[in-house]
Amino acid sequence: MDWQLQDAKNQFSKVVQKARFEGPQEITVRGERTAVVLSAKDYDALRAGQPTLVDDLLAGPPWDDAFTDAVDARAKVSSRDVAF
């Protein structure tokens, strides 16, 4: 169902209920489709199988030994500079 923004704002709980039980609810601004309200179940299905930020970071190129050693050395120097 299409909702004009003002109507969606005024009847937000109804928009959410319809999204839960009837499917995605489209919001329009000046007649242009602008947003869609989805149920959590529909959103989860949409996101299923897509990598997270953590997955993307872990899938990056491996660090070579020289770079790893440089990072470790820098961390050791920084920890010695901290006064407690």
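**Getting to know this predicted model**

α3 is hardly covered, with 0 buried residues among its 8; buried means under 20% relative accessible area with a 1.4 Å probe, protein chains only. This is a predicted model, where local features need pLDDT of at least 70, side-chain atom pairs count only at pLDDT 80 or more, and totals for chains, interfaces and linings use all residues. Residues are numbered from 1 along each chain as its sequence is written, and side-chain values use heavy atoms, leaving out hydrogens and water.

Me: Is serine 39 buried or exposed?
Reply: Serine 39 sits in the loop between β3 (32-37) and α3 (40-47). Its relative accessibility is 8%, so serine 39 counts as buried.

Me: Which residues does serine 39 touch, not counting those up to four places away in sequence?
Reply: Contact here means heavy atoms within 4.5 Å. With residues up to four places away in sequence set aside, serine 39 touches Ala19 and Arg20.

Me: What radius of gyration does the protein have?
Reply: This value is taken over C-alpha atoms, and the globule rule is 2.2 Å times the number of residues to the power 0.38. A compact globule of 84 residues would come out near 12 Å, but the protein has 24 Å.

Conventions
Helices (H or I, at least four residues) and strands (E, at least two) are DSSP runs, numbered from the N terminus. Buried means under 20% relative accessible area, exposed over 50%, partly exposed in between (1.4 Å probe, protein chains only).
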